[in-house]
Amino acid sequence: MAAHFDLEPYKAPLLFLGVAGVVVPLFRRLRVSPVLGFLIAGMLVGPHVLGRLDAVLPFPLPVLANTQNVAAVAAFGVVFLMFNIGLELSLERLVLLRRFVFGLGALQVAVTGGALYLIGRALGLAQPAAIVTGAALALSSTAIVVPVLAEQRRLTTLTGRAIFSVLLFQDLLVAPLLFMVAMLSDPSAQASPLLAFAPALIAVAAIVGIGRLLLRPLFQLVAATRSTELFMAACLLVVIATAVTAAASGLSMALGAFIAGLLLAETEFRRAIETAIDPFKGLLLGLFFVSIGASLDPLEVIAHPGATLGVAFLLTLVKAPLIAGLARFFRLKWRQAGEIGLLLGPGGEFAFVILSSAAASGLLPRELAAELLIGVTLSMAMIPLFAAFAARVRAVSGPVLTGPEPTGLAPASRVLIVGYGRVGQVVGDLMRVHKVDYLCLEGDARIAARARARGEPVYWGDATQKDFLARCGLADARALIATMHTPSAVDAVVKLARAERPDLTIVARARDAAHARALYRLGATDAVPETMEASLQLSEAALVDIGVPMGLVIASIHEQRDIYRKALIADESQIAPPRPFKARRMKR
């Protein structure tokens, strides 16, 4: 007799994967953010909708009965998002964004938190509870706003950078806010605040110190194996280990992962790491939104509409005008300020962490914390709608005219040099001579490390992967130059780049004439056979050495190169000989 099979451990992952397979394509087809779809789907399959029906129907329904089973895994969605933000940011960009991060971000938290504190006090909350509530509700949703802006390709705009900067400051503030909750609930912590902060400071110092010493050597060692699976495992290890280390010391897991991302942002492995973790980030963020939706009880909203809906609308009504006014103070246009206020007005995922901690420590009544969390969830569900409204306003009103962006923030249109061996390095040298911005992609970790040590813009990774090329800026590149010595790798890069960018200038290194003709068929703009270039350089040196004027030699070399190129494009089997008149000109 067959053993009984327990389906319960597999229900949650199967249900989530089913939701993801339906929600993402459906909402993309409807041109609605999948984030909203995950929230709605989570509410439907959660214990408060289908869960109630499952209890009375004679047949089973697909229900995510216990959200606590997936909560620990879902939390890693925000962790991976913050790690990715750290990778994208880098310390240099953090300095460039400091006006928005430490100016607009700090004022936003202070002003909106203060306003919400006064409202809490007016509604009868005790001072510690009002402080915690105001601080928690002042935060916004990194997990929803950043993906929504990325989907609209607005992260690189001035509005996107301002929003990102405010969210970054809020994320950096989560750890101090958690300490504030601990101090308000523990009189001994108030008496010795330095001791309360000591574990967090030690943890940050440990992550930074150990990270600087070990992260780059670790990835160099893993990259040398050329194993995609091992590299992915190393990425997951770094993200999870730093997050757990931060959490064990009282910091947020997301902040630990963010610090690790910052440390890796300046290494040659940055783009390859982004490519490796992107699928995990997307899936885990989806699970995070599903878990948030599953925690939403529609009957609770109906039973206490004033408390739940009131919190959701009050957040936006209070925070959005204040944030918009602060954005105007930082010389942003009214329409930009309005969009910033709308997207940052709703609550954020870190409110769950702070309010839950406050309820557990007794600072907040559990019933009040539950109502606040439902209100925060409802406000977060409105963010994709606000973003769609802002997009509609932009489409009707036209672009906002603004001044130039700060130096170093505008996305540069670069030349991509794929392969940074001896040929690629010569190409890079000439790009620098002519002041052309370029980025190098190299598959050998040792070559990439040596180039990085010289301060050259080189990233390690496999350029035959579509996602890696996209991460390195293929969509905005001015040209792509493939210099690898392996013909099959050159073929793959040319084919991939041409499929993604029909308008891109692609110059490729060819082994010989036959390989050059194959590259032209794959879509190369120019293919340069090594044998041809060697013969032309030999001819040039010989002609100059025997006394032929340099100008005539250069002209003849260029003409001969053009004849070769036309013959290769025409797929001729024989290279056409030089025209007779050239020989006569050189004799004179």
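Is C472 buried or exposed? Select C472: at 6% relative accessibility this cysteine counts as buried, where buried means under 20% relative accessible area, exposed over 50% and partly exposed in between, with a 1.4 Å probe and protein chains only. The model is predicted, so local features need pLDDT of at least 70 and side-chain atom pairs count only at pLDDT 80 or more, while totals for chains, interfaces and linings use all residues. Residues are numbered from 1 along each chain as its sequence is written, and side-chain values use heavy atoms, with hydrogens and water left out.

**Cysteines**

**Whole chain**

Zoom out and colour by secondary structure. The chain has 27 helices and six strands; these are DSSP runs numbered from the N terminus, with helices as H or I of at least four residues and strands as E of at least two. Of its 588 residues, 47% count as buried. Among contacts with a separation of 6 or more, 71% are between residues 24 or more positions apart, contact meaning heavy atoms within 4.5 Å.

Select F80 and F280. Rings of Phe, Tyr and Trp (its six-membered ring) pair if their centres lie within 6.5 Å; planes under 30 degrees apart count as stacked, over 60 as edge-to-face and the rest as tilted. By this rule there are eight aromatic pairs. The F80 and F280 ring centres are 6.5 Å apart and the planes stand at 25°, so this pair is stacked. F80 belongs to helix α4 (residues 68-96) and F280 to helix α13 (residues 270-294), so the pair ties together parts that are 200 residues apart in sequence. F80 is buried at 2% relative accessible area, whereas F280 is partly exposed at 27%.

Stay on helix α4 and select N84. This asparagine is buried, with a relative accessible area of 7%. Beyond its neighbours within four places in sequence, N84 is in contact with E274, I277, K281 and R471.

**Aromatic cluster and core**

Select F219, F231, F269 and W460, which ring pairs link into a cluster. Then show what surrounds F231: leaving aside neighbours within four places in sequence, F231 contacts F219, V222, F269, A272, I273, A276 and W460.

**Charges over Y459**

Which residue has its charged end over the ring of Y459, 4.7 Å from its centre? Select R452. R271 also lies over the face of Y459, at 5.6 Å from the ring centre. A charge sits over a ring if NZ of Lys or CZ of Arg is within 6 Å of the ring centre and within 35 degrees of the ring normal.

**Helix α18**

Finish at residues 366-381, helix α18. Its buried residues include E371, L372, G375 and M380. T377, also in this helix, is buried with a relative accessible area of 5%. Outside four places in sequence, T377 is in contact with I292, S295, L296 and F352.

Terms used:
Expected span 1.5 Å × (residues − 1).
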